[in-house]
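Here's a quick walk through one model, going from the overall numbers to the packing and then to a hairpin. Have the viewer open while you read.

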Amino acid sequence: MGSMSAHGSEAEHESIFKVAILHGKGRGLVATDPIAFGTTIFTEVPYLKLEDNFAKLNPPAANALLGQQLRDLDKGDQRNFLQLRNLFPGLNPLLGTFCSNALQIHDCMHAVFRHTTLINHDCIPNARYFWDKDVGRQVVRSLRRIDMGEELTVAYIMRGTRAERQEIFKTRYGFECTCALCSAPDEIVEQSDARQEIIRKHDALVDSDRVKTNPVACMKSCRHLAYAVKQEYKADKGQSRLYQPFEEAMNTCGRHGDRARVVMFAKLAVASLQLCFGYDHKRTSRVRRLAMHPDTMEGFGTHSMDWETWAHEIPENLGGSQFDEWLWRAGEWAVPVTVQMDDEEWIATCKRLFLKEELAPDADDSDA
């Protein structure tokens, strides 16, 4: 690890990436060694941060505060910040640069980082970042194997059709995305846009009221979400997004007393959560415990016990499509969904990896 300023990155794995000048993009991060999927590439604290309301209500004072924070940095970090793009020249100079590059870390606060801020966008990224509020650090993790010399990329926007994404890139970030997906033939883009519409539609249909009043419809929407996500994000087999529909399905089943499916969806969600957040992250640990103790789920059985099952009732002798029907309660849907050939393979993988797998208890079994 190289020398660090108090405000800079304290990356455990900093030797595996470097800052590089990339054609048509400016600065970015490039892997200097192969990076395995599910690796925490680095973590870092912000070196500049502002509350959103302060920046909006009093731009001159916000600019002055940024100037004070900037003076506290070492010369290298000062130079790095001043080299960042300013997409808002009408604002005070420092505030314009800050607003052009800051990432949200709280509901009401944005921040600029030494390295995370330099990661460029790709609609099919090989990494993701998130703010871990428990440790006060930005975490960057790989979503698949990243080869030596390959650029590290994240998705600035995770949802939307190509036209919707491009409009946001143009107005908010000042560039046109030319990634493999955005540059694909029209037929491929149309298929992707259709999946994005499915994801948007069914994501909106899973809400707290429907979980209570129409849980069967929520399960159907979760199933549509899971399969659309898997098809849309093939680079990592959907694992970077699948925890969302799996957790929603787990929550729906739990609130109606279905222990068996809470266990199953918790196990499925854990695989995605471990990739995205890490094995020891609080969210991963909480869901892992539900795979062993489904009754401890917050809100378990609060809507009804109409679906009551026990953990040992997970069927072990069903074929792929039959297991899929059981898992999503598809027999109760008004219109069944046909299982495709690649779905059969995925269902078999789910059963093989998670149905009989024993999950080791956490070393710290306290509440997360």
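This is a predicted model: local features need pLDDT of at least 70, side-chain atom pairs count only at pLDDT 80 or more; totals for chains, interfaces and linings use all residues.

Residues are numbered from 1 along each chain as its sequence is written, and side-chain values use heavy atoms, with hydrogens and water left out.

The chain has 13 helices and ten strands; these are DSSP runs numbered from the N terminus, with helices being H or I of at least four residues and strands being E of at least two.

| Property | Value |
|---|---|
| Buried residues | 52% of 368 residues |
| Share of contacts (separation of 6 or more) from residues 24 or more positions apart | 69% |
| Accessible surface | about 18,100 Å² |
| Part of that surface on carbon and sulfur atoms | 51% |

Buried means under 20% relative accessible area (1.4 Å probe, protein chains only), and contact means heavy atoms within 4.5 Å. The accessible areas come from the Shrake-Rupley method with a 1.4 Å probe.

On to the packing. A nonpolar core is a set of buried Ala, Val, Leu, Ile, Met, Phe, Trp, Tyr and Cys residues joined through side-chain atoms within 4.5 Å. The largest one holds 46 residues, and Phe246, Phe265, Leu327 and Trp328 touch the most other members. Helices α8 (215–232), α9 (243–254), α10 (259–277), α11 (282–292) and α12 (320–327) each put in at least two residues, with α10 giving the most, 13. Another core, of 29 residues, lies apart from that one and includes Ile16, Phe42, Ala102 and Leu118.

Now the hairpin. Strands β1 (residues 17–22) and β2 (residues 26–31) run antiparallel over six bridges; strands count as paired if DSSP finds at least two bridges between them. Three residues sit between the two strands, and Gly24 in the turn has a positive phi of about 75 degrees. Across the pair, Phe17 stands opposite Ala31, while Ile21 is bridged to Arg27. Five of the six residues in β2 are buried.

Terms used. Buried means under 20% relative accessible area, exposed over 50%, partly exposed in between (1.4 Å probe, protein chains only).
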